[in-house]
Number of protein chains: 2
Amino acid sequence: MIQYPNRKSNKELEHKPISHVGRGMSLENDLNDSNTYYLESDKAVIHKKPTPIQVVKVDYPSRNCAKIVEAYYKVASTTDYNGVYRGKAIDFEAKETNSKVSFTFKSIHEHQINHLDAVCRHGGIAFVILRFTKFDETYLINANILIDMYRQPNKKSITYQEVQEMGFLIKQGLTPRMRYLDVVDDLYFKN
Amino acid sequence: MIQYPNRKSNKELEHKPISHVGRGMSLENDLNDSNTYYLESDKAVIHKKPTPIQVVKVDYPSRNCAKIVEAYYKVASTTDYNGVYRGKAIDFEAKETNSKVSFTFKSIHEHQINHLDAVCRHGGIAFVILRFTKFDETYLINANILIDMYRQPNKKSITYQEVQEMGFLIKQGLTPRMRYLDVVDDLYFKN
């Protein structure tokens, strides 16, 4: 347990979920946290989509209570995050890897790539957020770069070096945890 | 069973789900059907978000098989549909009523209204699609009109007459079932 210099802060922190202060928390938690901050500060309206679940059987143990007793996870047909920022539609997928070498394309579905492509084509802002957990580094990559690589017949992954060269490191802070809209500003709104 | 004049069409239709040809299908089916058409014809990228479900317990009856055995429906914090159209973020909620008189605000959550408001503020296109099933009429109403009404202290519903006056009737066809983007074109893209 890390000892904080300020007792009050330490006490305050006890009431927060561990994910807000600890290292090694998931990218999803970080992004949800950041999106809440962006929403509350009225900077953007970006939400994670619910995980698609196929409900098979529902019980009603009492009035007004529906209990799902058989259901299965479905493969997502789109990306995890979308919303509105500075008048533009924003859409992205976020993934993390334990590898120090590369990010394998196996963990991105082809229909997610096609979805990102469609968003670009229709004038939205589309990108992918990749975290290399071992380095605690998170990058934002323009969707078109990743789409092109993904569609190369013999390319099965994007290397860490390529991500460093073609992506943009997202600054991490306390609030928001991931300042990814700073990168979006630089990348899509600077003329 | 309706007899179609053309045998071939009839045979083709057998392979389609009944919802594509029958009357009285749900608004959700109609919109999903229309969104698939808009997606496949590369006119827009609009999807229904999955229903948010809180998973409590998952069993693994075999390898690679996750069976959810306890889960509950959660209240949606946003709207059901969103995506990209003509470079703009598009976001809407769809509801139907059996009433011939009015549409009650009870069936729209306050955070959904706040979400639509935020989408408007950030430059997205936001609206609500309302169907009066008894008349088989479906209207598109600009979100701001509904938001204003919803926030009037003593107003508990929008009347059928108000919907007729302030909304726009969506033309119905075979493909797509609901030509709601025609209304969006007229309402948001005409200068």
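This report describes the symmetry, sheets, helix packing and backbone geometry of a predicted model.

**Relation of the chains**

Chain A is superposed on chain B by a rotation of 180 degrees, with 0.0 Å of shift along the axis and an RMSD of 0.0 Å. This is the relation of a two-fold axis. Of the interface residues of chain A, 97% are also interface residues in chain B, so the copies meet through the same surface.

An open sheet of 4 strands draws on both chains, in the order E2(A)-E3(A)-E3(B)-E2(B), and its pairing is antiparallel. Strand E2 (53-62) of chain A and strand E2 (53-62) of chain B stand at the edges; each has a single partner strand, so one side of each is left without a neighbour in the sheet. From one strand to the next, the twist averages 25 degrees. Within chain A, E2(A) is joined to strand E3 (residues 65-73) by 7 bridges, and the two strands run antiparallel. As an example of this pairing, A:Lys57 has A:Glu70 in E3(A) as its bridge partner.

**The sheet of chain A**

Chain A also contributes an open sheet of 6 strands with mixed pairing, ordered E1-E4-E5-E7-E8-E10. The edges are taken by strand E1 (45-48) and strand E10 (168-169) of chain A; since each has a single partner strand, one side of each is left without a neighbour in the sheet. Strand E4 (residues 81-85) and strand E5 (residues 88-97) of chain A run antiparallel and are joined by 5 bridges. Here A:Val84 has A:Ala89 of E5(A) as its bridge partner.

Helix H4 (residues 143-150) of chain A lies across strand E7 (125-132) and strand E8 (137-142) of chain A, and runs at about 85 degrees to E8(A).

**Helix packing in chain B**

In chain B, the axes of helix H3 (residues 110-121) and helix H4 (residues 143-150) come within 10 Å and cross at roughly 135 degrees. That angle makes H3(B) oblique to H4(B). The crossing of H3(B) past H4(B) is left-handed. On the side of H3(B), the contact is made by B:Glu110, B:Ile113, B:Leu116, B:Asp117 and B:Cys120, while H4(B) supplies B:Ala143, B:Asn144, B:Leu146, B:Ile147 and B:Tyr150. By class, the residues of this contact of H3(B) with H4(B) comprise 7 nonpolar, 1 polar and 2 charged.

**Backbone geometry**

Most residues other than glycine have a negative phi, and most peptide bonds are trans. The model contains departures from both patterns. A:Asp42 has a positive phi of about 55 degrees although it is not a glycine. A:Asp42 is located in the loop between helix H2 (27-40) and E1 of chain A.

| Peptide bond | Form | Omega |
|---|---|---|
| A:Thr175 to A:Pro176 | cis | near -5 degrees |
| B:Thr175 to B:Pro176 | cis | near -5 degrees |

In chain A, A:Pro176 falls in the loop between E10 and helix H6 (180-188). In chain B, B:Pro176 is found in the loop between strand E10 (168-169) and helix H6 (180-188).

How values were computed: Residues are numbered from 1 along each chain as its sequence is written. Chains are lettered from A and ligands numbered from 1 in the order in which they are written. This is a predicted model: local features need pLDDT of at least 70, side-chain atom pairs count only at pLDDT 80 or more; totals for chains, interfaces and linings use all residues. Side-chain values use heavy atoms; hydrogens and water are left out. Copies are superposed by least squares on the C-alpha atoms of residues with pLDDT of at least 70 in both. Contact means heavy atoms within 4.5 Å. Axes are lines fitted to C-alpha atoms, for helices over the stretch in contact, and angles run from 0 to 180 degrees between N-to-C directions. Angles under 35 degrees count as roughly parallel, over 145 as roughly antiparallel, 65 to 115 as roughly perpendicular and the rest as oblique. A crossing is left-handed if the near helix is turned anticlockwise from the far one by less than a right angle, and right-handed if clockwise. Ala, Val, Leu, Ile, Met, Phe, Trp, Tyr, Cys and Pro count as nonpolar, Asp, Glu, Lys and Arg as charged, and the others, Gly among them, as polar. Two strands pair if DSSP finds at least two bridges between them.
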